[in-house]
Amino acid sequence: MAEAHPASSLLSSLSSDGAEVALNSPMWQEIYLSGLRSWKRHLWRVWNDFLTGVVPASPLSWLFLFSTIQLAWSLQLDPSLGLMEKIKELLPDWAGQHHQLQGLLAAALFASCLWGALIFTLHVALRLLLSHHGWLLEPPGTMSSPTKTWLALVRIFSGRHPRLFGFQRALPRQPVPTVQESVRKYLESVRPVLGDDAFDRTAALASDFLRLQAPRLQRYLQLKSWCASNYVSDWWEEFVYLRCRGSLMENSAYYLMDFLYVTPTPLQAARAGNAVHALLLYRHLLSQQEIPPTMLMGMRPLCSAQYQRMFNTTRVPGVQKDYLRHLQDSRHVAVFHRGRFFRVGTHSSNGLLSPRALEQQFQEILDDPSPACPLEEHLAALTAAPRSMWAQVRKSVKTHAAAALEAVEGAAFFVSLDSEPAGLTGEDPAASLDAYAHALLVGRGHDRWFDKSFTLIVFSNGKLGLSVEHSWADCPVSGHMWEFTLATECFQLGYTADGHCKGDPDLTLPQPQRLQWDLAEQMRSPISLALRGAKTLADNVDCHVLPFSHFGKNFIKCCHVSSDSFVQLVLQLAHFRDRGQFCLTYESAMTRLFLEGRTETVRSCTREACHFVTAMEDKEKTDQQCLVLFRVAVDKHQALLKAAMSGQGIDRHLFALYITSRFLHMQSPFLTQVQSQQWPLSTSQIPVQQTHLFDVHNYPDYVSSGGGFGPADDQGYGVSYIFMGENTITFHISSKKSSTKTDSHRLGRHIENALLDVASLFQAGQHFKCQFSGLGENLGCRRGFLSRKTVDPKVPSTSTNI
């Protein structure tokens, strides 16, 4: 989601002397270490399978097999075809003295070998099945007979109730594309944004690269793909995230919002109690693997590896690179309120604390009148500082306040009880939503512990939000947790009539523990410096939230168009109107069809998209001509998206080739140019994954409103979007106030107009029979062919409803 920013700063993260020294290790050693890390994770999964049940088999299946063999043996049948007799001969002498024990041991060993062979066969068969991606190429809404057969076989080999990590050892590895194909696709992607001379120079660099460096780099990359679980993901985590030396607040943070129109309770402590309890329930389900694995389109399992570091995880700063510290368990949360830190236990001798007991704990913190200690109030600003600076200062913090630092870094997650209200208000809805997004993304610079995997933010009026650190996982994983949290705390846990958590207070609970930071006076200067830097970064972020309610996914479905492709082309049209030119566009696509896959880039600014945009701006073009070009551009975007998901994208491959060249100390002007590119438009769709948790028909306001991230380029935009229910699309737009070329609100107005203009193509052509109350007189028009009202880009957006 927010990955485009650290990806675009890759060259700077590798330009320091420290990074150069770290890349002096031989390539063979790096391949060996990648394989070693993969095998450690593989052994952990094997051990975890034995603890929680082996999928698709289980320990009960071994018992059934052993009992069957014993029954056959008692009937004087030999299902082993003589193998059990040979096993008896190999048993030690003491076993031969007990004939019955000898038979049991032989049967147990044979059953174990047969059971293991069956499991291995099932995993191999399932991996072969999951390596098939032909179903991705089929038109939406259709399923061929081969695909139906493939799906039936997948379900048979998957078992009846697969656990969260049940498919991990059956998922295929991400393939390494051919260099020739990746370079060809790259040149095709940059052609719309480069002039003739610049493109010729790039093509010449590409030709030299294919002739000189590419064959050797590709061989090493192929070798790494055979040794490691994923040829790119470990390098992506290290070089794009952990080696990035900039502020996490700017480079590696994104946010997720609460319900847009509803706040279940105005009581801050009650909302915090239910939300924390729901998050801990999710963690329990996660540890027991009782969360079903995510199935793409309901039939293809996705990799679940990213769920492992969701809780009890902290990104620890280092001078050259950070590392992720993950604990197996944590029985407390760290809480921040008015500059003070607290440790709140989450369990008692009877197990997890009830929501009412947690509310009681949070209320005691809110009622505590004690002031913040010197240097404590702004201490968390250090986590927003450049990583090398924070790494140096952290040594002093650990020396003087080791217990307090451990309580924060060892917590299940961080909770910030904000002293200000947030969310949608009737007085100024647009401004209130923008302020809400800004508070979630950056806060005040010192009230979030950005190192934690995520921070739960509870505002004084009961509004919720989540601030997430990006390195440990991508947005769909944290989004899955957030959907569960909102649905559970609102619909299952619920609140009393007066807004409190259900249940009775526990008067025997100890009070929350106030953390003591005995910091030296010399810490004042770095804390002040970090605070000034954090406030400067925060004040420079321009956030805008646009809930577009004229139409939504339901209308787009009737147009027989992919909703994601529809919005991506709208963004191209809006950005062209905003900047008057085309630019490289980053769209995040997941590669979790493969083991330990993370993301791939879809370069949405294609030649086909540019042709459509120029036609929309050409008054000589008819609606029918624009519509034809629109569908051609949609088909191209869908082809790029499916290629990225099936491991045939270009950016991760070129990134891995570049890292390989750095290890081998090979200079490649072409790869350097590829990695130095900027993304003036960075986009991402936030998927809604658990629709069964929300009743959008009876409770249409109880839907997630998505989240956002900062721009990848100081002169560009960051845009995320989510389809809320059937008739609303919410956009989260960000840019830098320091840029004279961007304005989040201006782009929002262009997006709204572009949505209406594209919809008018289908409305005018009567390409569907659906009727929508959201259209009508609000439908935009490019040239006034229809008597519709177009939204004025100079007037603030009016699509926000209360």
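Me: At what angle do the axes of helix 15 and helix 16 cross?
Reply: In this predicted model, the axes of helix 15 (residues 268-287) and helix 16 (residues 355-367) cross at roughly 135° and come within 7 Å. Because of that angle, helix 15 counts as oblique to helix 16.

Me: And is the crossing left-handed or right-handed?
Reply: Helix 15 passes helix 16 in a right-handed crossing.

Me: Which residues make the contact?
Reply: From helix 15 they include Q268, A269, G273 and H277. Helix 16 brings P355, L358, E359, F362, Q363 and L366.

Me: How many of those are nonpolar, polar or charged?
Reply: Eight residues of this contact are nonpolar, five are polar and one is charged.

Me: Switching to the sheet: what is the order of its strands?
Reply: The order is 13-7-6-10-11-12-1-18, an open sheet of eight strands with mixed pairing. Strand 13 (513-514) and strand 18 (707-709) are the edge strands, each pairing on one side only.

Me: How does strand 1 pair with strand 18, parallel or antiparallel?
Reply: Strand 1 (residues 253-257) pairs with strand 18 in the antiparallel sense, over three bridges. Y255 stands opposite G708 in strand 18.

Me: Which strands does helix 16 touch?
Reply: Helix 16 packs on the sheet and touches strand 6 (332-337), strand 7 (340-345) and strand 10 (414-417). The direction of helix 16 makes about 160° with that of strand 7.

Me: What about helix 18?
Reply: Helix 18 (residues 402-409) also packs on the sheet, touching strand 6, strand 7 and strand 10. Its direction makes about 105° with that of strand 6.

Me: Last one: what comes just after helix 25?
Reply: There G647 takes a positive phi of about 85°.

Methods: Residues numbered from 1 in each chain as written. Predicted model: local features only at pLDDT ≥ 70, side-chain atom pairs only at ≥ 80, totals over all residues. Heavy atoms only, no water. Axes fitted to C-alpha atoms, helices over the stretch in contact; angles between N-to-C directions. Helix = DSSP H or I, 4+ residues; strand = E, 2+ residues; numbered from the N terminus. Parallel < 35°, antiparallel > 145°, perpendicular 65-115°, else oblique. Left-handed = near helix turned anticlockwise from the far one by under 90°. Contact = heavy atoms within 4.5 Å. Nonpolar A, V, L, I, M, F, W, Y, C, P; charged D, E, K, R; others polar. Pairing = 2+ DSSP bridges.
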